[in-house]
Amino acid sequence: MSIIEKLENNERLEYEDAIKLYDLDLFTLASYANRLRTEKHGKKTYFNINRHINPTNICKDVCQFCAYSASRKNPHQYTMSHEEILEIVKNSSKNNIIKEVHIVSAHNPHTGLKWYMDVFKLIKQNFPNIHVKALTAAEIHFLSTEYKLPYQEIIDMMIENGIDSMPGGGAEIFDEKVRKRICGGKVTSAQWLEIHKLWHQKGRKSNATMLFGHIESREHRIDHILRLRSLQDETGGFNAFIPLVYQTENNYLKVKEALTGQEILKTYAISRILLDNIPNIKAYWATSTVKLALIAQEFGANDVDGTIEKEAIQSAAGAKSANGIAQNEFVELIKNSGFIPVERDSIYNELKVW
């Protein structure tokens, strides 16, 4: 049976067939991905009102793709105080604007486990209605290793101190050889998947990411996506899959050519086709640009992330995302693209439909 026949019959594709998807022309892929998107979400495009906070850029790990952590390419070191973090949340939550704080940090060996947990506890105590999304699997692994505690104990502490859901960062690319080259020493692929499995077993939700457009191949992307699908079959705990477009500036990989828009859109479409069990595909505008994120809504994606307000990690590597996007601008951009803007909460409950 041909790949087109399998797509027509909505058959679940395995690795050999999945690789062939990249050989299809862009608009054929788009038609199948958009059909699946429409079946799940109609013309709705989701976004949320959120604030990204990055409390420190001092990092024990040295990832070759990272432009954010304090290094030779980014000599400015900082660590926020709890008071500074609370002031950010206070300012962002005036008039009940933000619904989520998204806290991702470097792996700082000097702050201490209590420092991390107190951040979350203080936010939850002072702003109980704000959803706290925090600690990637990479950060959990760092804390587990640094303090010689099992993952499960760190996860229990996260829940006790007010974390509601986990972001999907740290996944990068699961292929072990590529991973050793770009982020050797950080959480392994198996450990990343184990941590999310443990989190899901607590009845909690998380996201999953894939960093693509650096030294990985198409085959590596397919392998990565299928590993996520396999875990989702087991736990059902992933809210969304987020293909993150690699940013080329200020890091050590020295990738000269950025991916074409066509390759990025093909990857979004293939993600939607393969991930039949993950409900949402997010075109994270901070890495793909707003324009491409909106075009991606025709290629299987159904989410553009959030207002962000202030973003440090992607913008350090060249993304034009440092100051976020206002809510009214999001609504108009989505409407003008022919979709229905839907404000959501962090776990995809609909809050307002325009």
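Predicted model: local features only at pLDDT ≥ 70, side-chain atom pairs only at ≥ 80, totals over all residues.

User: At what angle do helix 4 and helix 5 pack?

Analyst: Helix 4 (residues 82-92) packs against helix 5 (residues 113-126) at about 35 degrees, and their axes are 10 Å apart. Their crossing is right-handed.

User: Which residues meet there, in helix 4 and in helix 5?

Analyst: From helix 4, His-82, Ile-85, Leu-86 and Val-89 take part. They meet Trp-115, Asp-118, Val-119, Leu-122, Ile-123 and Asn-126 of helix 5. By type, the residues of this contact are seven nonpolar, two polar and one charged.

User: And how do helix 9 and helix 10 cross?

Analyst: The axes of helix 9 (residues 189-201) and helix 10 (residues 218-235) come within 11 Å and cross at roughly 25 degrees. Helix 9 is therefore roughly parallel to helix 10, since angles under 35 degrees count as such. This crossing, too, is right-handed.

User: What residues of helix 9 and helix 10 are in that contact?

Analyst: Helix 9 contributes Ser-189, Trp-192, Leu-193, His-196, Lys-197 and His-200, which meet Arg-227, Leu-228, Leu-231, Glu-234 and Thr-235 in helix 10. The contact of helix 9 with helix 10 divides into four nonpolar, four polar and three charged residues.

User: Changing topic: which residues of the largest nonpolar core touch the most other members?

Analyst: They are Leu-21, Phe-120, Met-158 and Trp-192, in a core of 97 residues. Trp-192 also belongs to the contact of helix 9 with helix 10.

User: What does Leu-21 contact, leaving aside neighbours within four places in sequence?

Analyst: Leu-21 is in contact with Ile-3, Leu-7, Leu-13, Leu-29, Ile-270, Ile-273 and Leu-274. Another core, of six residues, lies apart from the largest one and includes Ile-242, Tyr-246, Tyr-284 and Ala-286.

User: Is Ile-155 buried or exposed?

Analyst: Ile-155, which lies in helix 7 (residues 151-160), is buried because its relative accessible area is 0%, and the cut-off for buried is under 20%. Not counting residues up to four places away in sequence, Ile-155 touches Ile-195, Leu-198, Trp-199 and Lys-202. The C-alpha atoms of Ile-155 and Lys-202 are separated by 8.8 Å, although the two residues are 47 apart along the chain.

User: Lastly, how much of the protein counts as buried?

Analyst: Of its 354 residues, 59% count as buried. The protein has 14 helices and 10 strands.

Note on methods. Residues numbered from 1 in each chain as written. Heavy atoms only, no water. Axes fitted to C-alpha atoms, helices over the stretch in contact; angles between N-to-C directions. Helix = DSSP H or I, 4+ residues; strand = E, 2+ residues; numbered from the N terminus. Parallel < 35°, antiparallel > 145°, perpendicular 65-115°, else oblique. Left-handed = near helix turned anticlockwise from the far one by under 90°. Contact = heavy atoms within 4.5 Å. Nonpolar A, V, L, I, M, F, W, Y, C, P; charged D, E, K, R; others polar. Core = buried A, V, L, I, M, F, W, Y, C linked by side-chain atoms within 4.5 Å. Buried < 20%, exposed > 50% of the residue type's maximum accessible area, 1.4 Å probe, protein only.
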